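Here is a short report on aromatic rings. Look at the model first, then read on.

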Amino acid sequence: MEMFTFLADGLGVALQPGNLLYAGIGVLLGTLVGILPGISPSLTVALLLPVTFKLDPTGSIIMFAGIYFGGMYGSSTTAILINTPGEAASIATAIEGHRMARNGRGGPALATAAIGSFVAGTIATIGLAALAPTIVELAVQFGPWDYFGLMAVAFVTVSATFGHSVLRGVTSLTLGLLLGLVGIDKLTGQARLAFGVPALMDGVSITTLAVGLFAMGEALYVATRFKEHEERIEPVRGSLWMTLKDWKASWKAWIRGTMLGFPIGALPAGGAEVPTLLSYSLERKLAKDPAEFGNGAIAGVAGPEAANNAAATGTLVPLLALGLPTSATAAMLLAGFQQYGLVPGPLLFATNPELVWGLIASFFVGNLMLLVLNLPLVGLWVRLLAIPQSWLYAGILVFAAMGTLAANPSVVELTMLVVFGITGYLMRCWDYPVAPMIVGLILGPMAEGQFRRALQVSLGDYLVFFKHPFSATMIAIAVLALLAPFVFKGLRRIHAADE
């Protein structure tokens, strides 16, 4: 019952006119960037960080969350109409969705994606409201050694989840951890890695790093590989309405997709790609006529889209309850919290309950807005696909520079933006994931603080991390997760040599 009381209070916050406006702007922007190929929700949040630093924290974070969910929906539109998923999580949707569009059933494909996202988002938000306080109650009892162990798992899982190589992920994370050391040491008061530059005494700005790596790095990468060619857009022919047969084929897939997406998304090593592909495989196995798959099966759109949206909501469980991001956009949301001096985790539920529950309640509002606004605006979204990419990325570079200077008018800050932009470009060229670097900068100082606190409490006993069951278990899991890919790779080589 307490959960419903908190949700009612949160709805009071979310339904305030200003916050409704922020939510509306967020879902519209999110849908827009999800539809435009190559522009991700994480890039958009990174661009908006420097221009929202003086706005209301609750409204801004509600807007960022709206961008996240809107991006998930918009990505399905490009997957269905031009077979170009805006997000990796929409790959499964493109398999059947684009085939439906080519068969003249693009309308029902878009409709089942929108309704499935709404159903999954609503159910997953209830799950978030129920699960997050329980995790918070457990986390309140954690000692500094437990938090350090949990962050060690987060470091390893983030490094392994993003990109195709664990070693490259760890390298990216290490760069972020090194940047986290820049500035004044909070314990001794001495400068570290500032090299005599006064502007570095406060440390590296998360906003500058995020904008440089995501926005500028992505724009430079696309510009160097840009080839002028027109995408073939499948027109939305016929009615947008789903038939009774479509409803019967979709509703069970929506539920199954939600049940797969939310728990996997809520795991520290979650993400939306795995549950969407699992959902597609499950729907294919459960289909009465498996031959439909590959020829435009609506269940192959309904299930993955529900799993996608449910997983996106699930990633907010570890973010809000423990302060651990498990996706690139979640890392940007964490940066948004820290921009306002807020640290997601157990204390946030106690110190800023109106913000937390207002944010959770805004998910209901945002999902309803997406359903009401997006289906009637399908024609507009299709026209936006014709915007030249060269215009989009030129605008991104301009807004990145202007936003950074607005937040911190400094030559040093602009120089760091360019350096981080070039770094992001090179990392993409060599297939290094950029999200672990952001996570390293955000969580690195927090992990260092917990590590030092644990040593202070235990009078310098380094074995304290192994004397407490939870922290010892977390460190063991982190070590196993780090070594497992290399062990499996070695075993595959031995097996291949034997054959």
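## Terms and basis

Buried means under 20% relative accessible area, exposed means over 50%, and partly exposed lies in between (1.4 Å probe, protein chains only). By that rule W357 is buried, with a relative accessible area of 5%.

This is a predicted model, where local features need pLDDT of at least 70, side-chain atom pairs count only at pLDDT 80 or more, and totals for chains, interfaces and linings use all residues. Residues are numbered from 1 along each chain as its sequence is written, and side-chain values use heavy atoms, with hydrogens and water left out.

## Aromatic pairs

The whole structure holds 11 aromatic pairs. Rings of Phe, Tyr and Trp (its six-membered ring) pair if their centres lie within 6.5 Å; planes under 30 degrees apart are stacked, over 60 edge-to-face, and the rest tilted.

F148 is partly exposed at 22%, and F451 is partly exposed at 26%.

F349 and W357 form an edge-to-face pair, because their planes stand at 85°, with centres 6.2 Å apart. F349 is buried at 11% relative accessibility.

The charged end of R168 sits over the ring of Y432, 5.5 Å from its centre. For this, NZ of Lys or CZ of Arg must be within 6 Å of the ring centre and within 35 degrees of the ring normal.
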